[in-house]
Each structure stands twice: as structure tokens, then as C-alpha cells.
Amino acid sequence: MQNFNNKHPLITIIGSSVLLGLSLISSIILLIIDLIKFSKTTNYAMITALSLILASLFIYSSFEIVSISLKLTGAAKVMDIISSCLLYLYTTTIYIAVFIGFHLSVLGWIGFGLSLALLVFNVLFTCLCYHRQKILFSVTNILFFIYSLLSLLNLGISTLSTILSIIVLILFTLIIIIRQFEYTKLLETILFTFATTLWLITLLIF
């Protein structure tokens with residue numbers, strides 16, 4: 001079990017909780033604006049994806065705030081496992097929006113299926129191995145990111161949307177990987193906040 005007392009000092013716990021709370025509020029506002037925008041279109045796939053993002057974001061962020069507050073207790077490991085699984089779920093909804101929200105295609109539907117398979121892999125891996133076999137976990141997620149990158153380049157969306165989407169996927173892949181290694185919770189929260197905000201802004205300009 002990790003030594004959370006050393007890796008998560010009180011100031012980090014407080015800072016991460018506050019930042020995540022503010023991120024949740026701002027993200028919900030942006031998501032509602034995105035939903036209003038896409039509700040005026042016939043892109044029902046993106047509307048569905050945004051609804052899933054909204055639900056998973058609220059569940060993950062709320063639980064993560066509780067998890068952070070318990071980092072110095074005996075429940076830290078269990079809370080970290082559950083929080084990691086919820087993060088994987090949230091990230092999967094991001095991939096779903098990329099694969100079938102921007103443009104329905106064969107590559108998109110394949111990516112949709114692979115993203116669900118990756119979700120199952122990440123959840124089982126975290127529950128059964130918990131911070132062991134880190135290289136295998138990292139390589140698997142990087143390979144999926146490469147497929148996502150290739151799919152994005154074939155979607156035919158604007159250059160700006162493509163670039164921003166790639167940055168977002170890089171950030172979420174990085175967040176998932178660093179959870180398996182030594183890290184500071186505040187750094188992860190900052191990356192998460194930036195990635196989520198950038199993604200929602202990307203949808204606004206899409």
C-alpha cells in the first residue's frame with residue numbers, strides 16, 4: 001500500500017479538493033452550453049455522448065473529492081481503486097464523443113468497441129493488479145491512444161478541432177498512466193481540469 005502521508009501532504013489534499021470542486025462547477029456549465037448547442041442539430045450521437053460525459057463527470061468528481069479527503073486514512077487504497085475506475089469510465093465517454101460524436105464511420109464504431117474493451121481492461125487491471133505491471137498497463141493505453149490519433153486524422157474535421165482533440169487525448173492518457181506511478185495529486189487534478197475544460201471548449205468551436 002502506498003505511503004499517502006508522504007505523497008499527499010495536507011496542503012495538496014486541500015488544494016486538489018478545492019480545484020476539483022471548481023472544475024466540476026465550471027465543467028457542468030460548459031457541458032450545458034454544449035448540450036444546448038448540439039440540441040439544435042441532428043447530431044444525436046454527440047448529444048448522447050455529452051449526456052454520458054455529464055453524468056460520468058459528476059459521479060467521478062464527486063467521488064474523487066471524497067477520495068482525496070480520505071487519503072490519510074485506512075480507506076485510501078480502496079477509495080483510490082474506485083476513483084481510478086470512475087476516471088476510466090469518464091475517459092471512455094470522452095472517447096465515445098470522439099469516435100461517434102464528430103462523425104459516424106467504420107473507424108469510429110471500431111474505436112467505440114475498443115474504448116469499451118479498454119474500459120473493462122483498465123478496471124480489471126486496477127482491481128486485480130493495483131499499481132503492479134505498470135509497463136503493460138501503460139503500453140496498452142498508449143497503443144489505444146495511437147489508434148485514436150489515427151481515427152481523428154481520418155475524421156475530416158477542422159484542423160483546429162483535430163489539434164485540440166489530440167491534445168485532450170494526450171492529457172487524459174497521461175493522467176491515466178501517472179496514476180500507476182508516484183505522482184502528486186495536485187498535478188493530476190490540474191491536468192484533469194485543463195483537459196476537461198479544453199475538451200468542452202473544443203466542442204463549442206466544433
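A crossing of two helices is called left-handed if the near helix is turned anticlockwise from the far one by less than a right angle. This term applies to several helix pairs in the predicted model described here, one of them being H4 and H8, whose crossing is left-handed.

Confidence is considered before the packing. The protein chain has an average pLDDT of 83, and 92% of the residues reach a score of at least 70. Over residues 1–6, however, pLDDT stays under 50. For this stretch the model has 13 contacts beyond four places in sequence.

Two packed helices are described by the angle between their axes and the distance between the axes. Helix H4 covers residues 76–101 and helix H8 covers residues 185–205; their axes lie 13 Å apart and form an angle of about 25°. Angles under 35 degrees count as roughly parallel, and H4 and H8 are therefore roughly parallel to each other. On the H4 side, the contact is made by Leu87, Tyr90, Ile94, Ala97 and Val98. On the H8 side, Glu188, Phe192, Thr196 and Trp199 take part. Sorted by class, the contact of H4 with H8 contains seven nonpolar residues, one polar residue and one charged residue.

H4 also packs against helix H6, which spans residues 134–153. Here the angle is about 20° and the axes are 11 Å apart, so H4 and H6 are roughly parallel to each other. The crossing of H4 and H6 is left-handed. H4 contributes Tyr88, Tyr95, Val98 and Phe99 to this contact, while H6 contributes Phe137, Phe144, Phe145, Tyr147, Ser148, Ser151 and Leu152. Nine of the residues in the contact of H4 with H6 are nonpolar and two are polar, with no charged residue.

A further partner of H6 is helix H5, made up of residues 106–129. The axes of H5 and H6 come within 11 Å and cross at roughly 165°. Because angles over 145 degrees count as roughly antiparallel, H5 is described as roughly antiparallel to H6. The crossing of H5 with H6 is left-handed. From H5, the residues that meet H6 are Leu107, Ile110, Gly111, Leu114, Ser115, Leu118, Phe121, Asn122, Phe125 and Thr126. Their counterparts in H6 are Leu136, Phe137, Thr140, Asn141, Phe144, Tyr147 and Ser151. The contact of H5 with H6 comprises ten nonpolar and seven polar residues, and no charged residue.

Salt bridges were then examined. Three are found in a search of the whole structure.

Conventions
Residues are numbered from 1 along each chain as its sequence is written. This is a predicted model: local features need pLDDT of at least 70, side-chain atom pairs count only at pLDDT 80 or more; totals for chains, interfaces and linings use all residues. Side-chain values use heavy atoms; hydrogens and water are left out. Axes are lines fitted to C-alpha atoms, for helices over the stretch in contact, and angles run from 0 to 180 degrees between N-to-C directions. Helices (H or I, at least four residues) and strands (E, at least two) are DSSP runs, numbered from the N terminus. Angles under 35 degrees count as roughly parallel, over 145 as roughly antiparallel, 65 to 115 as roughly perpendicular and the rest as oblique. Contact means heavy atoms within 4.5 Å. Ala, Val, Leu, Ile, Met, Phe, Trp, Tyr, Cys and Pro count as nonpolar, Asp, Glu, Lys and Arg as charged, and the others, Gly among them, as polar. pLDDT is the predictor's confidence in each residue, from 0 to 100. A salt bridge is a side-chain nitrogen of Lys or Arg within 4 Å of a carboxyl oxygen of Asp or Glu.
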